[in-house]
Amino acid sequence: MRATFYFTLLPALLPVFLILRYIYRLDKNEREPLPFVLFVLVMGALFALPCGFLESFLTGLLDSFASSSDIKYAWIENTICVALVEELSKWLVMMIFVWRNKNFDYRYDGIVYAVSVSLGFAALENILYISTFGSDIAWGRALFAIPGHTTFAVFMGYYMSRAKAALLESKPSSLRKYKLLALVIPMLIHGMYDFLLSDQVGQAGFDFSFLIFVALLDVIAWIIIKHEFRTDRRLD
């Protein structure tokens, strides 16, 4: 029984630490303090706890106004009821614990911390999903859900760093814009990701589009990561 439990946790948690290690080690200029990175990861997991309740509440409201068989229902559910709630929880961790922290002082740091938050969120989400639905979904979530949360975080971290630069350069309009983009862009990407996996889209015959979307998303995220660590500079 114990061996089965550990085998189930392996795909739930191993990708989290492998991805975090990779992103962390790319930080060449001034590597972030590991205890703080792990603290941010834990906060990402803790902030994930209330998300399920809020998502259920919003979905219940949506059920009062739309039919669940409608493809528009799937878009609203996945973008507003799910993606907005989850990305907002990560954004709040960034704003509460990372935004004014002295260690957030290089451009690439935004990606390091946003990925840490998202991986904490994804780790807890995976454990809860596997506990509820069984180990059959474990490897699928390891291959798609965890990298998915990572790519959403890359966009959040990119815009958070631009917002921090705007703050230090006393550009209030740019500050507001980039803070908003740090939430809205990951929300829209996350919403589309979940939407393409929904039953309504599958019934409409567009299920193959999910793989195309994920491939494009991964390429763009990697380009951003590569650009940010190669052109990394102090935020001042």
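Predicted model: local features only at pLDDT ≥ 70, side-chain atom pairs only at ≥ 80, totals over all residues.
At 32% relative accessibility, Glu30 counts as partly exposed, a class that lies between buried, under 20% relative accessible area, and exposed, over 50%, as judged with a 1.4 Å probe and protein chains only. Residues are numbered from 1 along each chain as its sequence is written, and side-chain values use heavy atoms, with hydrogens and water left out.

The side chain of Glu30 meets that of Arg234 in a salt bridge with an N to O distance of 3.3 Å; the term stands for a side-chain nitrogen of Lys or Arg within 4 Å of a carboxyl oxygen of Asp or Glu. This pair links distant parts of the chain, 204 residues apart, for Glu30 belongs to the loop between helix 1 (2-25) and helix 2 (34-48), whereas Arg234 belongs to the segment after helix 10. Arg234 has a relative accessible area of 35% and is therefore partly exposed. Side chains of opposite charge can pair when their charged atoms come close.

A search of the whole structure finds six salt bridges, and two further examples can be set beside the first. Lys90 and Glu87 are joined by a salt bridge at 2.9 Å, N to O; both residues lie in helix 4, three residues apart, which is about one turn of the helix, and both are buried. In the salt bridge between Lys171 and Glu169, the closest N and O atoms are 3.3 Å apart. Lys171 is partly exposed because its relative accessibility is 43%, and Glu169, with a relative accessible area of 35%, is partly exposed as well. Salt bridges that share partners also join Glu30, Asp105 and Arg234 into one network.

The wider fold can now be described. The protein contains 10 helices and zero strands, where helices (H or I, at least four residues) and strands (E, at least two) are DSSP runs numbered from the N terminus. Of the 236 residues in the protein, 50% are buried. Among contacts between residues at least 6 apart in sequence, 80% join residues at least 24 apart, a contact being defined by heavy atoms within 4.5 Å. The protein exposes about 12000 Å², of which carbon and sulfur atoms supply 67%; accessible areas come from the Shrake-Rupley method with a 1.4 Å probe, and for residues only the protein chains shown count as cover.

Ser89 counts as buried because its relative accessibility is 6%, and, leaving aside its neighbours within four places in sequence, Ser89 is in contact with Phe47, Cys51 and Phe121. Ala74 is also placed in helix 4, and at 0% relative accessibility Ala74 counts as buried. The C-alpha atoms of Ala74 and Asp194 are separated by 8.9 Å, although the two residues are 120 residues apart along the chain. Asp194 is found in helix 8 (residues 172-197) and is buried, with a relative accessible area of 17%. Once neighbours within four places in sequence are set aside, Asp194 is in contact with Asn78 and Val82.

Another pairing of helices involves helix 7 (residues 145-168) and helix 10, whose axes come within 9 Å and cross at roughly 40°; such axes are lines fitted to C-alpha atoms, for helices over the stretch in contact, and the angles run from 0 to 180 degrees between N-to-C directions. The crossing is left-handed, which means that the near helix is turned anticlockwise from the far one by less than a right angle. Residues of helix 7, including Phe152, Phe155 and Tyr158, meet residues of helix 10, among them Leu217, Ile220 and Ile224.

Phe208 has its place in the loop between helix 9 (199-203) and helix 10 (209-230), and with a relative accessible area of 58% Phe208 is exposed.
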